[in-house]
Amino acid sequence: MFLYSQKKKRTGKHIMDNVQNFLEALLDYTVCLYIMLMLAVFPFYNEEGYTHIGTDKSTFLCRLSINAGKILVVPLLLYLLVSFIVYIRDKKEAYSLKEMMRERISLTDIFAAVYCIALLLSYALTDYRENALWGARGWYMGLIPQLILIAIYFLISRLWCPRRWVLFLAIPASAAVFVLGCLNRFGIYPIEMAYAGPSYISTIGNINWYCGYAVSVAFLGIVLPWAKPGMKAWQKTVLMAYTVLSFVSLIVQGSESGLVALAVVLLVMFCCSVKDRERMLVFWQEMVLLCGGCLIVYMVRLFAPEEYLMSYVGGFGEKLTFGWLPVVMTMVSVLCLIWVWRGKTKGTYSEKFFCILAKTAVLGCAAAVAAVLLLATVNTVRPGSIGKLSGYKLFTFNENWGSSRGATWSAGWRCFTSQNLVHKVIGVGPDCMPEFLYSGENAVLLADVKEKFGTARLTNAHNEWLTILVNTGVLGLIGFGGMMVSGMRDFMKKGRENPIVCACGFCLLAYTLNNIFSFQQSMSVGTIFVIFGIGEAFLRKGYRFI
């Protein structure tokens, strides 16, 4: 009788473990399929070219995510139940529940939960509930899409068993997007897209959408050779080819915010390379590739037939791809690469010198930004007081500053300050800035916006965090901003142990930098939250599910 009862007990334990493992595998494969569709299909999805591509992308994200949720909900609930039973059964062998919670709930998770609470409160107390549910037409960044983003982070980071090859789907898919983008910029359209023109590019849409997607994914391929210098030769060759393509795509796409993100990320990479001669060598290899990409574009612009001239020029992208600057940049980068290579091979690499150089570069950039702000402030208060510099738009803070960012930022801030205390804390409602703005509650602000933008509808402040502040208040900004900063910190901190986590951290950094001057939209924010979840999954790979 005793032997029978012991055999029955072991069999019952074995069955529960098998059920748990089966449910784990089912959840894992479902999430894996979702990631594959988001990384490899989402960038190419459109119904009628550029006709309503913003709506198309938003529809894809929401429908795919909701359908995946319907598939996941029952096995996830069963898995939670079975896991709880297994925990109770094995509680003497397992960690205490308090210890498990401390290990498995990170600061990033807490901030994500705060953002979720802010969204729900903002929706519950908004005056524009019908619009807040899905969001402004054409953008659709309302309550449900925002909750989908949070679900993406949690479900991928907890239910997906990390596989490198799944993440690497983003590289060939984005490479195809970048090739199309570069060809489009020179008037070549391998894929027919309705309403094609200079302001629309590849299969993504408006240049701001394209730039947001590009910075969200390109640094996976750019950072990996740097984060893991000892990779196989063929892997490094493929990634270096991708790096050139990414650089060229970012340079010619037309949005200045992408170049700002690129410059800051490269500065961070340089500073992080100081104590590692291998990384410093790869950094200068990539700088040569960047400058070489600029030279390639320069040659194409010099010798291309008239019908294939670059269709969108101006700003700093123009200076990088025409004239003496790309030539000088290439020469300097090659000399630095040779110098670092000789120092590495002969054992004369000077960490102290590069440390001083890095500090000088950071302080120089900070001083340059401070000088610009000071001169712009003086010139705005007293026009013409800084001589010839007064003629440059950069040195005058008005509604035209920064491609009208002066007007959009001012409108966003005035929307926030117009609210009562409650709405300052929880916002006007998810994606409801345009609803508040055009409701006329602040008549002076509305008149100023209409005078500046005419019939064009201002849907956001062209600054992600400022728009979140208006839509979900101080609480929402704390949640979202804390989530992004905490994620970047954790990913960068673990960068030496796992190059993939490091690359995901740089993607988060580039996305955040770009969106200082840009906005949330389904293509870029959907992609970055998938990458966010993937990075967190790799960071947690020592843990089991949930």
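The model is predicted. The structure holds nine salt bridges, and three of them are described below together with a buried lysine, K57, that has no salt bridge.

- K57 is part of helix α2, which covers residues 53-89.
- What is the nearest side chain of opposite charge to K57, and how far away is it? The nearest one belongs to D56, at 7.8 Å. A salt bridge requires a side-chain nitrogen of Lys or Arg within 4 Å of a carboxyl oxygen of Asp or Glu, and K57, although buried, has no such bridge.
- A polar atom of the K57 side chain does lie 2.8 Å from the backbone oxygen of P43.
- Setting aside residues up to four places away in sequence, K57 touches F42, P43, F44 and Y45, as well as T203, I204, W209, S522 and M523.

- S522 belongs to helix α22, made of residues 522-539.
- S522 counts as buried because its relative accessibility is 0%.
- The side chains of S522 and S58 are joined by a polar contact of 3.3 Å.
- Beyond four places in sequence, the residues that S522 touches include F42, G54, K57, L61, M141 and W209. Both F42 and W209 are also among the residues touched by K57.
- From S522 to G187 there are 335 residues in sequence, and their C-alpha atoms are 26 Å apart in space.

- Side chains of opposite charge can pair when their charged atoms come close.
- R158 and D109 form a salt bridge in which the closest N and O atoms are 2.4 Å apart. This pair links distant parts of the chain, with R158 in helix α6 (residues 143-159) and D109 in helix α4 (residues 107-125), 49 residues apart.
- Are R158 and D109 buried or exposed? Both residues are buried.
- E318 and R301 meet through their side chains in a salt bridge of 3.0 Å, N to O. E318 is in helix α13 (residues 315-320) and R301 is in helix α12 (residues 277-303), so this pair ties together parts that are 17 residues apart in sequence.
- With 26% relative accessibility, E318 counts as partly exposed, whereas R301, at 16%, counts as buried.
- E536 and R540 also meet in a salt bridge, at 2.9 Å from N to O. E536 counts as buried at 2% relative accessibility, and R540 counts as buried at 8%.

**Crossing of helices α9 and α21**

- Helix α9 spans residues 207-227 and helix α21 spans residues 499-514. Their axes come within 8 Å and cross at roughly 145 degrees.
- The crossing of α9 and α21 is right-handed.
- Residues of α9 that meet α21 include C211, G212, V215, F219, L220, V223 and W226. On the α21 side, the residues involved include P499, I500, C502, A503, F506, A510 and Y511.

**Other buried residues in helices**

- S65 is in helix α2, the helix that also holds K57.
- S65 is buried, as its relative accessible area is 11%. Apart from neighbours within four places in sequence, S65 is in contact with Y34, I148 and I152.
- L445 lies in helix α19, residues 443-453, and counts as buried at 1% relative accessibility.
- L445 and H52 are separated by 393 residues in sequence and by 29 Å in space, C-alpha to C-alpha.

**Loop residues with positive phi**

- S202 has a phi near 55 degrees, a positive value in a residue other than glycine. S202 sits in the loop between β1 (200-201) and β2 (205-206).
- At 2% relative accessibility, S202 counts as buried.
- H462 likewise has a positive phi, near 55 degrees, and is a residue other than glycine. The loop that holds H462 runs between α19 and α20 (464-493).
- H462 counts as buried because its relative accessibility is 18%, and the cut-off for buried is under 20%.

Conventions
Residues numbered from 1 in each chain as written. Predicted model: local features only at pLDDT ≥ 70, side-chain atom pairs only at ≥ 80, totals over all residues. Heavy atoms only, no water. Helix = DSSP H or I, 4+ residues; strand = E, 2+ residues; numbered from the N terminus. Buried < 20%, exposed > 50% of the residue type's maximum accessible area, 1.4 Å probe, protein only. Lys, Arg positive; Asp, Glu negative; His and termini not counted. Polar contact = N/O pair within 3.5 Å; in protein donor to acceptor, adjacent residues only side chain to side chain. Contact = heavy atoms within 4.5 Å. Axes fitted to C-alpha atoms, helices over the stretch in contact; angles between N-to-C directions. Left-handed = near helix turned anticlockwise from the far one by under 90°.
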